[in-house]
Amino acid sequence: MELPPHKLIVIAGPTASGKSDLAIELAHRLDGEIISADSRQVYSGMDIGTGKVLRDSESVADDEYISGGIRHHLIDIADPNEAYNISDFLRDANRVITDIRARGKQPLICGGTHFWIQALLEGTSFPAVPPDPVLRDHLSTKTADELYTLLEAQDPTRAATIDQKNPIRLIRALEIVAALGTVPSVTQHEPSTAENHSTILVLNPPKDVLRERIRIRLLNRFASGMIEEVEGLHGQGIDWERLESFGLEYRFIAQLLQSSIDQETMRIELEHAIWHYARRQLSWLRRWERQGTTLTWISDPKETMSIPL
RNA sequence: GGGUAGGUAGCAGAGCGGUCAAAUGCAUCAGACUGUAAAUCUGACGCCCUACGGGCUACGGGGGUUCGAAUCCCUCCCUACCCA
């Protein structure tokens with residue numbers, strides 16, 4: 001299939017919608033490579049719980065991540081004890097896109113971290129203020145009200161639009177204020193490597209189908225040793241707090257392993273949490289679309305056969 | 001057959017004469033999102049309406065007391081446990 005060399009293909013959608021398989025299929029069709037846009041698959045050792053695609057056996061020793069005969073990028077690139085955030089992603093993803101194109105291949109972005117994907121495509125640039133762990137530690141002892149009062153005094157403009165009850169947002173805003181004196185407004189420049197004329201495919205199975213897929217996938221993950229995986233990560237020096245901060249399977253299994261919840265509760269609450277996560281992802285996508293971006297919604301991967309890419 | 005504790009919104013579970021369409025949690029639905037984004041946060045949630053207000057139906061069924069009941073009394077049905 002012939003396609004413009006600049007075009008970017010994105011495969012988005014809620015968790016368990018079948019993005020990974022579709023991405024590999026399309027990569028074969030388009031002679032492409034996959035860039036994972038997943039905030040948890042970047043971490044090495046977090047495999048079952050994040051649903052990483054299985055590495056082809058012949059590539060295990062390689063430093064390239066090959067799955068289904070397709071090269072994947074931005075998987076296993078960070079240590080779980082090190083923070084990897086959107087800023088790292090934007091830098092790395094742009095680099096990788098350039099690199100893939102230089103080799104004459106088609107880049108495909110695939111992942112569920114839509115915040116990252118949207119920022120990449122729109123060339124959003126965030127204030128260049130790196131996280132300040134000491135300040136964050138200090139501020140995290142305060143209530144949202146207290147944080148808001150501080151922000152109001154230091155940067156009323158940002159305070160006017162921020163979510164007043166969201167400690168994480170408030171702390172980040174105060175962090176930026178501490179470094180720059182004020183929170184600059186978001187700037188979006190013309191995307192350099194990522195193009196505006198991307199095709200964004202959103203995999204969106206019917207609700208009941210998605211729910212069932214989530215349920216089955218979770219059972220499979222347990223059967224595949226997911227609990228042991230989390231146990232192993234903790235054994236390698238990743239503390240419970242950090243594991244819980246990853247959310248979903250890592251959070252609930254960490255709680256189980258600390259005996260703060262029983263197995264039955266864990267399974268039920270985890271399944272609910274995954275469903276809530278999928279809903280949030282969908283909510284983000286609808287908003288993105290409402291903002292004027294064209295998304296191609298597909299309820300069944302087979303439909304992609306008839307979509308011109 | 002006797003006794004005791006109960007029957008409250010989709011579920012769990014408070015309330016025990018008025019301020020109760022009924023706390024809280026869960027589920028469900030919708031939303032937010034300026035370097036933690038699988039995180040974090042918000043709202044709706046009996047029904048109807050010209051919805052910051054109003055109407056209707058509700059706390060197992062029926063009846064009663066009272067100005068007024070989910071809350072008190074009678075009765076019936078059901079559930080759990082205990083004694084036979």
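Modeller: The expected span of a helix is 1.5 Å times one less than its number of residues. I shall apply this to helix 7 (167-180), in what is a predicted model. Helix 7 has 14 residues and should therefore span 20 Å at 1.5 Å a residue, and its end C-alpha atoms do lie 20 Å apart, in agreement with that value.

As to confidence, chain A has an average pLDDT of 90, and 94% of the residues score at least 70. The model as a whole has an ipTM of 0.89 and a pTM of 0.90.

The loop between helix 6 and helix 7 contains N166. N166 counts as partly exposed because it has 14 C-beta neighbours inside 10 Å, whereas a buried residue would need 20 or more. The C-alpha atom of N166 is 9.4 Å from that of D145, although the two residues are 21 apart along the chain.

Within helix 7 itself, the buried residues are L170, I171, R172, A173, L174, I176 and V177. These buried residues pack against three other helices: helix 4 (133-139), helix 5 (144-154) and helix 6. After the helix comes G181, which has a positive phi, near 90 degrees.

Domain 2 covers residues 133-180, while domain 1 is made up of 9-124, 188-206 and 294-306, and domain 3 covers 208-280. The centres of domain 1 and domain 2, taken over C-alpha atoms, are separated by 32 Å.

Helix 7 also has a part in the surface near RNA strand B, to which it supplies at least two residues. Helix 2 (86-102), helix 6 (156-161), helix 11 (248-257) and helix 12 (263-290) each do likewise. Helix 12 provides the largest share of this surface, with ten residues. Among the 51 residues around RNA strand B, those that come nearest are S39, T50, S87, A128 and G247.

Helix 1 is followed by D31, whose phi is positive, near 55 degrees.

Terms used. Residues numbered from 1 in each chain as written. Chains lettered and ligands numbered in written order. Predicted model: local features only at pLDDT ≥ 70, side-chain atom pairs only at ≥ 80, totals over all residues. Near = placed C-beta within 6 Å. Helix = DSSP H or I, 4+ residues; strand = E, 2+ residues; numbered from the N terminus. pLDDT = per-residue confidence, 0-100. Buried ≥ 20, exposed ≤ 12 C-beta atoms within 10 Å, placed from the backbone. Contact = placed C-beta atoms within 7 Å. Domains from an automatic or database assignment.
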